[in-house]
Amino acid sequence: TCAWSTPFWLKGAAQLLGRTLRSSREARHVVCEAGKMDIDLLNPCAKEECSKHKLKRMIQSPNSFFMDVKCPGCLQITTVYSHAQTVVLCGNCNAMLCQPTGGLARLTEGCSFRKKVE
């Protein structure tokens, strides 16, 4: 028998597998069995990462961005924030480029955009 008490994380692993630990060798075996996971935590799927909350991602990143919006009338390019909270008008022809919603701003029909690169 071992003089050391079983660590709490080994007890938890044994409970997950529905076993009681009899020896330290069995404890190591239980840890190896419990160590196998269905998902890879070090290499998450890009689709899953995008759907997670911005603070729960492996590398925290914002959902917002700046974009260049081209006016359909005069073809002037204006920089707009993706979550704009006010109506954005074209500088030349005063056409409405986007209108605010609760989250992402809605672009007017006919406007094209591209994300700005840092």
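Aspartate 68 is buried, with a relative accessible area of 11%, because a residue is called buried when this value is under 20%. The model in which this is seen is a predicted one. The side chain of aspartate 68 meets that of arginine 114 in a salt bridge, with 3.5 Å from N to O. This pair links distant parts of the chain, since aspartate 68 belongs to strand S1 and arginine 114 to strand S6, 46 residues apart. Arginine 114, at 52% relative accessibility, counts as exposed.

A salt bridge also joins aspartate 68 to lysine 116, again with 3.5 Å from N to O. Lysine 116 lies in the segment after S6 and aspartate 68 in strand S1, so the pair ties together parts that are 48 residues apart in sequence. Through shared partners, Asp68, Arg114 and Lys116 are joined by salt bridges into one network. Lysine 116 counts as partly exposed, at 42% relative accessibility. Side chains of opposite charge can pair when their charged atoms come close.

The count of salt bridges in the model comes to 3. One of them is formed by the side chains of glutamate 49 and lysine 52, at 3.4 Å from N to O. Glutamate 49 is buried at 14% relative accessibility, whereas lysine 52 is partly exposed at 37%.

The protein chain has 3 helices and 6 strands, and from the N terminus on its elements run α-α-α-β-β-β-β-β-β. Strand S1 (residues 66–70) runs antiparallel to strand S2 (residues 77–81), to which 5 bridges join it. Within this pair, methionine 67 stands opposite valine 80 in S2. The hairpin of S1 and S2 has 6 residues between the strands, and there leucine 75 takes a positive phi near 65 degrees. Strand S1 is also joined to strand S6 (residues 112–115) by 4 bridges, in an antiparallel arrangement, and lysine 70 stands opposite serine 112 in S6.

Another 3 strands form an open sheet in the order S3-S4-S5, with antiparallel pairing. Strand S3 (88–89) and strand S5 (106–107) each have a single partner strand and stand at the edges, so one side of each is left without a neighbour in the sheet. Strand S4 (residues 96–99) pairs with S5 over 2 bridges, and cysteine 98 stands opposite leucine 107 in S5.

What lies in the interior? The largest nonpolar core has 11 residues, among them Met67, Val69, Val80, Leu97 and Cys98. Strands S1 and S4 are the elements that give two or more residues to this core. Leucine 97, leaving aside its neighbours within four places in sequence, is in contact with residues including Val69, Val88, Leu107 and Cys111. In the protein chain as a whole, buried residues make up 19% of the 118 residues.

The surface can be considered in turn. The accessible surface of the protein chain comes to about 9600 Å², of which 56% belongs to carbon and sulfur atoms. Met37, Ile39 and Leu41 form a nonpolar patch on the surface, with about 320 Å² of accessible area together. Leucine 41 lies in the loop between helix H2 (24–35) and helix H3 (46–51) and is exposed, with a relative accessible area of 51%. Cysteine 50 is found in helix H3 and, at 62% relative accessibility, counts as exposed.

Definitions and conventions: Residues numbered from 1 in each chain as written. Predicted model: local features only at pLDDT ≥ 70, side-chain atom pairs only at ≥ 80, totals over all residues. Heavy atoms only, no water. Pairing = 2+ DSSP bridges. Buried < 20%, exposed > 50% of the residue type's maximum accessible area, 1.4 Å probe, protein only. Areas by Shrake-Rupley, 256 points an atom, 1.4 Å probe, with all protein chains shown as cover. Patch = residues over 30% accessible without salt bridge, like charges linked within 9 Å, V, L, I, M, F, W, Y side chains within 5 Å. Salt bridge = Lys/Arg side-chain N within 4 Å of Asp/Glu carboxyl O. Core = buried A, V, L, I, M, F, W, Y, C linked by side-chain atoms within 4.5 Å. Contact = heavy atoms within 4.5 Å.
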